[in-house]
Amino acid sequence: PHTFVVPAADDLNKQFSDNEVVRDLIAKLLTKQEQVFVLSLTSVGLMFADPRVKILGPDPKVAARFDDKAEHLNVFRHLGLPTNHTWVYTNYDEMLAKHTEYPFFLSAAFSSAGSDSRIIQASHELMSFHENVRPHNKGSHFIAARLLTDIVNAPNVCAMVLGENNTVVVCLTDQILRGHQYLGNIYPSSVSEQHRSMILEMTTTVGNYLSTQGFRGLFGLDFLITSTGDCYPLDLNP
């Protein structure tokens with residue numbers, strides 16, 4: 001059997017931006033038309049010097065800021081939203097020296113769909129985790145969170161920031177998870193009306209804050225709901 005390695009979206013965007021074939025294609029298109037439009041899963045990592053190349057999505061620099069999981073936590077806390085018990089370590093060595101609570105959930109600063117994250121049951125598992133994270137994450141900070149074992153739902157919201165303090169919720173779905181691996185979504189969501197109201201309010205609060213930071217366009221917000229009814233915003237996807 002053949003093995004295919006699919007790079008992370010931001011790594012793929014950097015390769016795409018620097019690719020000679022892509023640059024040549026853009027140059028040829030610009031001889032025929034005034035602008036070239038680029039649409040990607042995320043705008044993080046897309047960089048084109050020519051102002052005639054228009055990225056259909058949030059500004060890449062703004063999106064990169066809000067792609068960082070530590071920044072997600074900063075946003076949630078700044079806005080007074082409920083958060084799981086979480087620790088942020090500036091690097092791997094600090095985490096090794098300071099973290100004492102096991103088991104816990106560990107994530108690199110930039111991860112998606114369960115990659116570069118895992119449940120850590122004991123300290124000896126930290127080395128193999130660090131060896132396997134992508135190079136971009138090895139020298140960055142790490143986010144550790146209290147392990148939630150009573151999750152009953154993992155809803156996701158897609159919303160659009162149209163302008164300052166103008167956030168529109170597009171849809172609410174339930175994520176399909178196998179452990180912490182993301183497999184897809186189910187529509188419509190099965191969450192209660194109470195949780196639906198909480199989720200929509202928190203999403204609008206986050207979107208309106210993003211709008212004041214220069215963010216425009218589509219973003220996602222993941223939540224976890226526990227058996228006791230706690231509802232935590234978990235992951236911001238610009």
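Predicted model: local features only at pLDDT ≥ 70, side-chain atom pairs only at ≥ 80, totals over all residues.
A salt bridge is a side-chain nitrogen of Lys or Arg within 4 Å of a carboxyl oxygen of Asp or Glu. An α-helix has 3.6 residues a turn, so residues three or four places apart point the same way. Glu193 is exposed, at 59% relative accessibility, whereas Arg196 is partly exposed, at 25%.

Arg134 counts as buried at 16% relative accessibility, and Asp10 counts as buried at 6%. A network of salt bridges links Asp10, Asp11, Asp116 and Arg134.

Lys69 and Asp235 form a further salt bridge, in which the closest N and O atoms are 2.7 Å apart. Because Lys69 lies in helix α4 (residues 69-78) and Asp235 in strand β12 (residues 231-237), the pair ties together parts that are 166 residues apart in sequence. Lys69 is buried, with a relative accessible area of 14%; Asp235 is likewise buried, at 12%.

## The buried face of helix α6

Helix α6 (residues 125-132) has Glu125, Leu126, Phe129 and His130 as its buried residues. Viewed down the axis of α6, these residues fall within an arc of 130°, so they line one face of the helix. The face turned away from the buried side carries the exposed residues Met127, Glu131 and Asn132.

The cover over the buried residues of α6 includes the helices α5 (92-98) and α7 (135-138). It also includes the strands β4 (104-108), β5 (117-120) and β6 (142-146).

## Aromatic pairs

The model contains 5 aromatic pairs. Among them, Tyr92 and Phe142 are edge-to-face, at 6.3 Å centre to centre and 65° between the planes. Tyr92 in helix α5 and Phe142 in strand β6 are 50 residues apart, and their pair links distant parts of the chain. Tyr92 is buried, with a relative accessible area of 11%, and Phe142 is buried, with 0%. Ring pairs link Tyr92, Phe129 and Phe142 into a cluster; Phe129 is also one of the buried residues of α6.

Conventions
Residues numbered from 1 in each chain as written. Heavy atoms only, no water. Buried < 20%, exposed > 50% of the residue type's maximum accessible area, 1.4 Å probe, protein only. Helix = DSSP H or I, 4+ residues; strand = E, 2+ residues; numbered from the N terminus. Arc of directions from axis to C-beta. Contact = heavy atoms within 4.5 Å. Phe/Tyr/Trp six-rings, centres within 6.5 Å; stacked < 30°, edge-to-face > 60°.
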